[in-house]
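Subject: Structure handover

Hello,

Please find the structure below, for you to take over. My notes on it follow.

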Amino acid sequence: MNNFRISPDRRRVLLGAAAAASSPFWFNIARAQSDPIKIGFPVPLTGPFSAEAQGQERAAQIAVREFNDAGGFKGRMAELLVRDDKLNAGEAATRTLELIEKDKVNFVVGSLSAAVQLSVNNVTKARKVIFNSISQSDTINEASDWSPYTFHEALNPHMTAGAVGRYLFKNFGKRVAFLTADYAYGHEMVRGFQTAGKAFGVETLADIRHPLGTSDFSAFLPRIQALKPDILILCNFGRDLVNSVKQAADFGIKSTTRIATPVLLFTARLAGGADAFDGVVGGASFYWGLESSVPSARAFNDKYRKAYGGEVPSDYGALGYGGVRTVLTAVRNAGTTEADKVIAALRALKYDYYKGPQYYRACDHQSVQSVLILRSKSKNMKDKNDVFDIVSIEQPGEGNLRSCAELGHKA
Amino acid sequence: MEAFRPQVDFIARHRVAAVVVFLSLFPLLVPYQALAVNILIFGLYAMGFNILFGYTGMLSFGHAAFLGTGSYGAGIAIVHLGWPWYVAIATGVAAATAVGMVVGFLAIRARGIYFAMVTLALAQCVYYVFFQAETYTGGENGLRGVEVGVIDLFGWRLDFVDPTVKYYVVLAFVAFALWFVSRVLGSPFGAVIETVRENERRAQACGYDVARTKLVAFVISAALCGLAGTLRALHLSIVPIDSLHYLTSGLVVMMCLLGGMGTFFGPFVGAATLLLIEETFTNLTRHWQLITGVVFMACVLFFPRGIWGSILHWIRREGR
Amino acid sequence: MADVNLFLLQLFTGLALGSVYVLLATGLSLIFGMLTVVSFAHGAFFMVGAYIGVYQYGVTGNFWISLVVVPLVVGTVGLLTERFLVRPLYGRGIDYPLLLTFGLSYVLIEIVRIFFGVQGIPISTPEGLRGAVNIGVGHFPLYRLFLIVATAVVVGGLWLFIERTRFGLIIRAGARDPEIVRVLGIDISRVWLLVFGLGTAIAGLSGILAAPIRAVTPEMGIPVLVESFVVTVVGGMGSLAGAVVAGLLVGVVFSLTSLYAPAFAETSIFALMALVLLVRPQGLLGRAGLMG
């Protein structure tokens with residue numbers, strides 16, 4: 001950050017502050033001028049997904065810095081208030097209350113779990129504060145949870161599973177087994193795959209539900225081994241994914257079956273290692289390798305590399321950038337931080353910030369965007385970050401989303 | 001210290017009033033109201049737990065079951081049944097009391113470490129029941145939409161979304177609970193449970209029905225934790241599944257021990273200390289758990305009476 | 001025929017899983033049985049063992065060295081823990097060591113996060129134990145077969161040590177009546193020190209042994225703590241034979257529930273624990289009246 005450079009705007013702010021010090025009457029006006037645009041950013045800085053959260057925070061800071069370097073908005077600079085939600089819905093609700101009641105944030109962007117985003121959303125909508133969620137959930141699109149203040153920058157399970165499913169069923173076969181973490185995220189993914197599978201005549205051999213946070217999957221694997229499906233889809237996330245991929249590989253399942261997962265996490269692949277993940281297919285909202293074909297991805301990666309010593313952004317990290325930048329752009333377009341006008345500006349936004357064209361669908365504010373299909377590799381890797389091949393990209397289209405009527409929206 | 005003797009005695013005699021006065025001014029000392037409300041709620045949770053752990057001498061590792069049942073009871077009453085908030089609170093407390101009776105009935109057969117393990121195991125079973133009942137509880141996603149909105153109190157309209165209003169509404173319930181606990185501890189029953197803690201056999205020999213005493217203490221404890229749970233549901237407007245997690249059971253043990261088990265005000269001191277430590281250090285370092293862990297170990301090693309217990313001990317010794 | 005094969009493979013998987021549970025629970029059970037200390041840091045010691053082992057494996061490229069290095073390092077950490085943290089608490093009741101080790105587990109997890117990062121580190125199965133072999137009813141991972149043998153060696157060795165050596169005799173006597181042992185002129189605190197060290201060394205060893213099948217992350221010890229508790233409680237706290245029987249039982253129950261009602265696999269082991277505690281509070285092979 002250019003800490004020592006004082007922009008013309010800031011100089012005016014300082015003068016205003018000096019005036020405020022000498023004359024109490026001017027205080028309020030000076031304050032309105034200098035008030036930063038505050039964005040609350042609850043993410044799980046501690047706990048199992050802290051690596052992803054750190055990526056989200058870093059990418060979001062880039063969006064804030066860009067905005068401020070371009071002069072902010074009418075002299076008002078953006079400020080990111082990062083809070084640790086500890087991946088806990090109760091803590092997230094408290095943190096969001098703190099952000100709104102004490103810090104008086106203008107907007108909230110963040111979250112890295114379905115439960116947390118629903119909890120944050122529940123708090124923000126009751127207080128009419130815009131919330132842009134940057135993690136996956138189908139539920140947040142549904143009319144009972146959604147509100148006009150709710151935006152969803154991330155993919156949702158229906159889009160992700162649909163895109164991955166269409167690729168899998170076309171290339172690897174129609175006999176499918178699921179090993180699913182027994183919670184909403186897992187169930188939503190299975191539903192997405194099965195919906196996409198209807199067009200291909202896909203046969204579900206088994207949908208085995210495992211408890212969330214299982215560390216030993218051996219007891220679930222003999223049945224899958226006996227079924228010999230064409231595709232085994234692991235509808236779980238993070239640590240569960242690492243464990244189940246590792247153990248399924250140990251059971252020799254790869255010899256008869258293609259292993260796939262809806263969300264192939266960059267960090268999970270790093271933690272699981274190249275051998276265990278070799279050949280595993282999955283989806284992502286972003287992978288840094290997209291830069292070879294998409295100019296905005298290259299621009300974003302370069303900014304990130306420059307800011308963080310050559311590191312590349314991760315999938316969930318990049319969402320932090322998109323989620324914050326759309327809100328700040330909407331402020332500029334609307335000419336105010338007033339929620340209703342910013343909402344209108346967000347709804348009108350057509351943007352391409354880091355992965356190709358995107359926009360928020362009118363009825364549920366779901367970001368319509370592309371889905372990347374990745375395959376994990378163990379050979380010909382150029383460096384430690386070169387872990388996936390992009391095998392396909394499903395282009396954005398509202399047809400890949402659940403219909404507004406299905407979600408319970410009127411329009 | 002001798003000079004303050006009358007004052008100390010005065011406060012000790014009017015402990016409920018003293019605590020309530022202190023808690024009324026408490027929001028002024030805390031960074032923000034949502035945290036102050038959390039401290040009230042967890043203080044109440046720890047106070048309920050303290051009846052069993054501190055006064056009756058039974059270490060339970062499953063009290064999250066009662067906090068969570070209270071939360072879900074109130075939440076389901078509001079979200080799915082559309083009942084008014086005060087009925088929802090009653091529902092939550094009733095549900096927690098009922099679960100407390102069942103768990104207590106089964107668990108008091110075991111003693112010592114086995115008692116702790118039985119409560120843990122049964123609380124895990126409660127966790128899975130609520131986790132699986134996704135239609136009513138939202139499962140892992142939690143239960144959303146526990147909105148109170150505007151409270152109409154005989155024509156006096158209170159906006160529950162306003163953080164200050166929320167604090168004092170919650171405080172009213174906590175004050176009631178404090179009064180109730182003070183009465184229980186001051187009654188003959190209070191003397192009996194302390195006898196059970198000190199020497200179970202002697203209590204039995206004196207003709208007390210130890211099993212029944214334990215069960216009643218367990219159920220009172222569960223009901224108070226349930227009340228804390230209902231208030232938490234209203235405060236957060238959601239019920240997170242973590243309310244039932246065994247780490248939430250562990251948390252209350254930490255709070256109670258940190259504050260001083262077997263003291264009237266200790267649980268609130270413990271809850272406040274732990275939450276304020278977390279609050280302070282989460283904003284400074286990602287490794288706040290290191291600090292929490294070290295503080296906790298130091299407490300166990302050097303202040304076995306807890307913070308409030310040590311203060312009381314010091315005052316009493318000085319006063320002698 | 002396929003169904004019978006599947007059932008048999010599932011049963012075998014359960015026994016193999018059970019042997020992992022036995023391995024995890026042995027250290028905990030040993031410490032409880034001899035010291036009546038419930039070590040809530042057991043899972044954290046397990047995790048520290050896995051990290052040190054994986055780090056060592058990365059440096060030397062030889063997995064087997066870890067099996068010697070890890071117990072020594074983690075055992076030393078255990079000795080220090082007993083000497084400086086747990087010893088001052090003897091005689092203050094069972095709650096205090098339990099709560100202290102609870103705090104210690106927070107600290108250990110956080111230290112590992114500081115040194116090794118938060119997202120976990122990869123480890124591949126050691127050369128020669130990779131892949132699956134046909135055991136007649138289906139394919140089974142070679143490494144898990146190795147774990148069954150490793151568990152048998154560890155438990156067998158421990159049993160011989162306790163039942164057949166002079167030192168083991170002192171340990172057993174100390175567990176039964178520390179006063180008498182002290183009167184006989186034996187420094188009981190040194191015995192407790194060594195037992196605690198041995199228990200944590202085994203926790204660390206089980207950490208590195210389990211590392212190739214589980215993700216190595218700072219939180220990997222949390223489910224292990226829970227699993228070991230269930231096994232120890234079901235078997236009877238402080239009974240080595242109980243831990244073996246209970247570990248296998250829990251493994252089979254988990255495995256068979258996984259086949260017929262997978263969503264309830266985890267609930268089933270807690271239900272089993274609750275059931276055993278209610279019918280036989282001291283556990284299957286535990287002594288009655290302990291800690292009563």
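Two strands count as paired if DSSP finds at least two bridges between them. Helices (H or I, at least four residues) and strands (E, at least two) are DSSP runs, numbered from the N terminus.

This is a predicted model, in which local features need pLDDT of at least 70 and side-chain atom pairs count only at pLDDT 80 or more, while totals for chains, interfaces and linings use all residues. Residues are numbered from 1 along each chain as its sequence is written, and chains are lettered from A and ligands numbered from 1 in the order in which they are written.

Chain A: domains

Chain A is divided into domain 1 (36–155 + 293–369) and domain 2 (158–284 + 372–407); these bounds come from an automatic or database domain assignment. The C-alpha centres of the two domains of chain A are 27 Å apart. Between them, 23 residues of domain 1 are in contact with 19 residues of domain 2 of chain A, where contact means that the C-beta atoms of two residues, placed from the backbone, lie within 7 Å. The side of domain 1 that touches domain 2 of chain A has 10 nonpolar, 7 polar and 6 charged residues. In these classes, Ala, Val, Leu, Ile, Met, Phe, Trp, Tyr, Cys and Pro count as nonpolar, Asp, Glu, Lys and Arg as charged, and the others, Gly among them, as polar.

Chain A: the sheet of 7 strands

This open sheet of chain A has the order β7-β6-β8-β9-β10-β14-β15, and its pairing is mixed. Its edge strands are β7 and β15 (388–394) of chain A, each of which pairs on one side only. On average, neighbouring strands of this sheet are turned by 25° against each other, direction ignored. For such angles, axes are lines fitted to C-alpha atoms, for helices over the stretch in contact, and angles run from 0 to 180 degrees between N-to-C directions. Strands β9 (residues 258–263) and β10 (residues 281–284) of chain A run parallel and are joined by 3 bridges. A:Thr261 stands opposite A:Gly282 in β10(A). Helix α9(A) packs on the sheet, where it touches β6 (175–181), β8 (231–235) and β9 of chain A, and its direction makes about 155° with that of β8(A).

Chain A: the sheet of 5 strands

Another open sheet of chain A has the order β2-β1-β3-β4-β5, with parallel pairing. β2 (78–84) and β5 (150–152) of chain A are its edge strands, and each pairs on one side only. Here neighbouring strands are turned by 20° against each other on average, direction ignored. β1 (residues 37–43) and β3 (residues 107–110) of chain A pair in the parallel sense over 2 bridges, and A:Gly40 stands opposite A:Val108 in β3(A). Helix α3 (residues 50–69) of chain A packs on this sheet, touching β1, β2 and β3 of chain A, with its direction at about 165° to that of β2(A). Helix α5 (residues 114–126) of chain A lies across β1, β3, β4 (130–133) and β5 of chain A and runs at about 165° to β4(A).

Where chain A meets chain C

Here 32 residues of chain A are in contact with 37 residues of chain C. Elements giving two or more residues to this side of chain A are α3, β7 (203–210), α8 (221–227), α9 (239–250) and α10 (266–272) of chain A. Helix α9(A) gives the most, with 6 residues. By class, this side of chain A has 12 nonpolar, 12 polar and 8 charged residues.

Chain C

Chain C has 11 helices and 2 strands. Its radius of gyration is 19 Å, close to the 19 Å that the globule rule gives for 292 residues, so chain C is as compact as a globular protein of that length; the radius is taken over C-alpha atoms, and the rule is 2.2 Å times the number of residues to the power 0.38.

Of the 292 residues in chain C, 58% are buried. A residue is buried if 20 or more other C-beta atoms lie within 10 Å of its own, exposed if 12 or fewer, and partly exposed in between, with C-beta atoms placed from the backbone. C:Leu209, in helix α8 (residues 188–210) of chain C, counts as buried because it has 25 C-beta neighbours inside 10 Å. Not counting residues up to four places away in sequence, C:Leu209 touches C:Leu23, C:Leu147 and C:Ala150.

Regards
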